Amino acid sequence: MLYREAGQFKTTYAADQQLFPIRQDRIGVIVLLAVAFLGVPLLASEYWFSAILIPFLIFALAALGLNILTGYAGQLSLGSAAFMAVGAYAAYNFQLRIEGMPILVSFMCGGLTAAGVGILFGLPSLRIKGFYLAVATLAAQFFIVWCLTKFPWLSNNSSSGVISTQRLVLFGHELTTPVEKYLLVLSIVVFMALAAKNMVRSTTGRAWMAVRDMDVAASVIGIRLMPTKLLAFAVSSFYCGVAGALYAFCYLGSVEPDGFSLEMSFKILFMIIIGGVGSIMGSFLGAAFILLLPIFLDVALPFLAGLFGLPFSSATVSHIQITVFGALIMFFLIVEPHGLARLWQITKEKLRLWPFPH
Amino acid sequence: MIKNFKPVLAAAAVSLTMLSQGAFAAEEQFFPLIDYRVGPYGSNGQAFYGGFIDYLNYVNLKEKGVNGVQMTWEECETEYNNAKGVECYERLKSKAAKSAGPIHTMSTGISYALIDKSAQDKLPLAMMGYGRTDAVDGSVFPYAFPLVTTYQMQASAIVKFIKDKNAGNLAGKKIVYLYHDSAYGKEAIIAMEAEASLNKFTLVQIPVAHPGNEQGAQWLKIRQEKPDFVVFWGWGVMNQTALKAAQKVGFPRDKMIGSWWTGSEEDVVPAGDAAKGYMAATWNVAGKQVPVIADIEKVVYGAGKGNLQDTGKIGTVLYNRGVSAAVLSVEAIRKGQEKYGKGKALNGEQMRWALENLNITEARLKQVGATNLLPEIKTSCDNHEGSGKVKIQQWDGAKWVPVSDWIEGNKALIHPLFQASAKQYAKEKGITPRDCSKEK
């Protein structure tokens, strides 16, 4: 009843091609953005900004990057954290070495550097596929972290290899409070997510999906494999690179190469598997699930334990948290192997028929 | 539905009122404990934080707190993960608004991530034996305290120990610096290089990639180099592997001197016979012969309030290190109460002042039963380290035995390095350093 596209006639090409063709979706997105930009800054506390919302948005962006590569172009990658590291260190160095460099340009250059490195490590994808490609991208993970530790120039000769990011100055105004950082991250993420949504339905996106579904068939219908695959690597790494720069500048404030470990790459991979492979929204849902659920359990478990008078130490809580988290991942993957985004899609289909299902 | 909820709500309300009653009963000093007991380094964290909490409990039980102020704390598990550490910090921050003990994270990565935040929120961050070492310069880092000693001062003290063994002359000698190829291992290189050019010995640097369970090539190189000493900066499984490898190539273990993260029971026991004679630096001694450790076992564990499940850890190097950290924190609270009112809890700013004006003499250490547990400490605005001394201990096959007195590193050589680095940091971050001569 509420979610029905009957009666929404498209009379122009522009109307037919818009990003959200269904009116309810448009309203939904606008409401969501209004809440994120206006409502949240009024209501959320500092803890929510710096510990939950900012990392959630940054990881959603990284997951989005990986989703473009894995979900849309079908190239499995285990190097997302390394590309984030490239973005973070590159943005740091651009900011450090070029006097008066605007911060947003630094972020973009960080992303572009990551894209360049991504293309380099994407080259093996022209010859190898699937799990073998995953192993090749694993090389990126180890090589980049090694490289950042090996060459002190990259961390401005810091004795420990840890970089401490510069101040965030935007148009002469320094961003210090968590709210301001949140709004900056949110703007970048929203812009890039909408750009991604647009990209995946364009010629480029369709070419990626054709390659994903069957690359031989794709090349037969005239899609050139090399530029298509490398473009996917470049765009994906660009997204990861910008996410890495935000991770360093807006979230932690100081990063070390070892922080961008294989574990983090796996985390991003799990986000898209849980959220939904090949779905923009899935990246956000997956990031929310992987990041927020442990924190929720961490807070809820001691409370529940207190309610029932169980003596839980923080170590026990941590162990239970890991167990419950693992069990929930299995549960969701069994119930819905296509991820949380698929659940949302099913809900939408149900809503279309509601209240008169046939 | 509502009917079913009622008892739950009632229970929640009751537990909440009970909680709040407890909270307002007496003046309390809150410690935000950003700790770890699970994950790759969980067993280290258990010993350290076990010791820390046991001492706080000990103060509560033995003297009813500091001038009547009870020590309280809340733990948050980080699993040695930087992002989790930040989340924990943000979670505990609001609770530490009224009263805050120093934050001990036992992780260099988490400390780095918290340095700016804690200064902004005016919460003191203690980094005892890890972390950002140039925070020794308190004019740039008012809220960060690398208390007792730092990697660089430790390296310098080890060189001094070797020098004393060689009748005060190292010219023409060869020292190998074998290190974990990470931020931690590289931190001391700058000090070793400075010492090498000052004392005219040859320094050979040999990195070991993480995790370091294969060191054949490195020890082959050491055999070729024939060094007089090996200074050893290992971590985790790398330590026992190095000791076994040294035995294999026949390098004498009593010419190997490790950092304080290579000198715990966990490092030498697995190496068995190969560890005998091996030496390591430490800023706190091991063992139960320290009066306060023995007393904790009696008072806290006697009352059934001990934090450790495995009481075998009492008296180990890391347990005693946790107790030392707590002793310093509690002494700082005493100091702060002298200025801001006895029997009152200290907030972050007051705690900061207290940590910056610590003066723990040998006599005071004796009073709290910590004689020889840790060195004397006197901090100031331009010296947040306060001591710079370590002891060298030797593994006799069953326990650690101190073989030296407290040795101080070469402050005149090392501290200017910190100041230069802090200055650069201030420039990058646009911080105007405080004028230390105006601080009281």
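What distance separates the centres of domain 1 of chain B and domain 2 of chain B, taken over C-alpha atoms? In this predicted model, the two centres are 29 Å apart.

## The two domains of chain B

The domain assignment divides chain B into domain 1, made of residues 28-149 + 289-378, and domain 2, made of residues 151-282 + 392-409. Where the two domains touch, nine residues of domain 1 of chain B are in contact with 15 residues of domain 2 of chain B. Sorted by class, the side of domain 1 of chain B that touches domain 2 of chain B holds three nonpolar residues, six polar residues and no charged residues.

## Confidence in the model

For the model as a whole, the scores are ipTM 0.82 and pTM 0.86. Chain A has an average pLDDT of 90, and 99% of its residues score at least 70. Chain B has an average pLDDT of 88, with 94% of its residues scoring at least 70.

Among the elements of chain A, helix α5 (residues 103-122) has the highest mean pLDDT, 96, while α13(A) has the lowest, 84. Where pLDDT is low, the predicted coordinates should not be read in detail.

## The overall form of chain A

Chain A contains 14 helices and four strands. Along the principal axes, its C-alpha atoms fill a box of roughly 70 × 65 × 45 Å. The radius of gyration of chain A is 21 Å, which agrees with the value near 21 Å for a compact globule of 358 residues.

Of the 358 residues in chain A, 43% are buried. When contacts in chain A between residues at least 6 apart in sequence are considered, 76% of them join residues at least 24 apart.

In chain A, helix α8 spans residues 203-213, and its buried residues include A207(A), W208(A), A210(A) and V211(A). These residues lie on the same side of α8(A), because they cover an arc of only 165° around the axis. The packing partners of the buried residues of α8(A) are α3 (46-72), α9 (215-220) and α10 (225-252) of chain A. An α-helix has 3.6 residues a turn, so residues three or four places apart point the same way.

In chain B, helix α7 (residues 189-199) has the buried residues I189(B), A191(B), M192(B), E195(B) and N199(B). These residues line one face of α7(B), because they fall within an arc of 160° when seen down the axis. Their cover includes the helices α5 (151-165), α6 (183-186) and α15 (411-429) and the strands β6 (174-180) and β7 (202-208) of chain B. After α7(B) comes K200(B), which has a positive phi, near 60°.

## Where the chains meet

How many residues of chain A are in contact with chain B? There are 26 residues of chain A in contact with 31 residues of chain B. On the side of chain A that touches chain B, the elements giving two or more residues are α3, α12 (280-307) and α13 (314-335) of chain A. Of these, α13(A) gives the most, with five residues. By class, this side of chain A divides into nine nonpolar, 14 polar and three charged residues.

Notes. Residues numbered from 1 in each chain as written. Chains lettered and ligands numbered in written order. Predicted model: local features only at pLDDT ≥ 70, side-chain atom pairs only at ≥ 80, totals over all residues. pLDDT = per-residue confidence, 0-100. Buried ≥ 20, exposed ≤ 12 C-beta atoms within 10 Å, placed from the backbone. Arc of directions from axis to C-beta. Contact = placed C-beta atoms within 7 Å. Rg over C-alpha atoms; globule rule 2.2 N^0.38 Å. Domains from an automatic or database assignment. Nonpolar A, V, L, I, M, F, W, Y, C, P; charged D, E, K, R; others polar.
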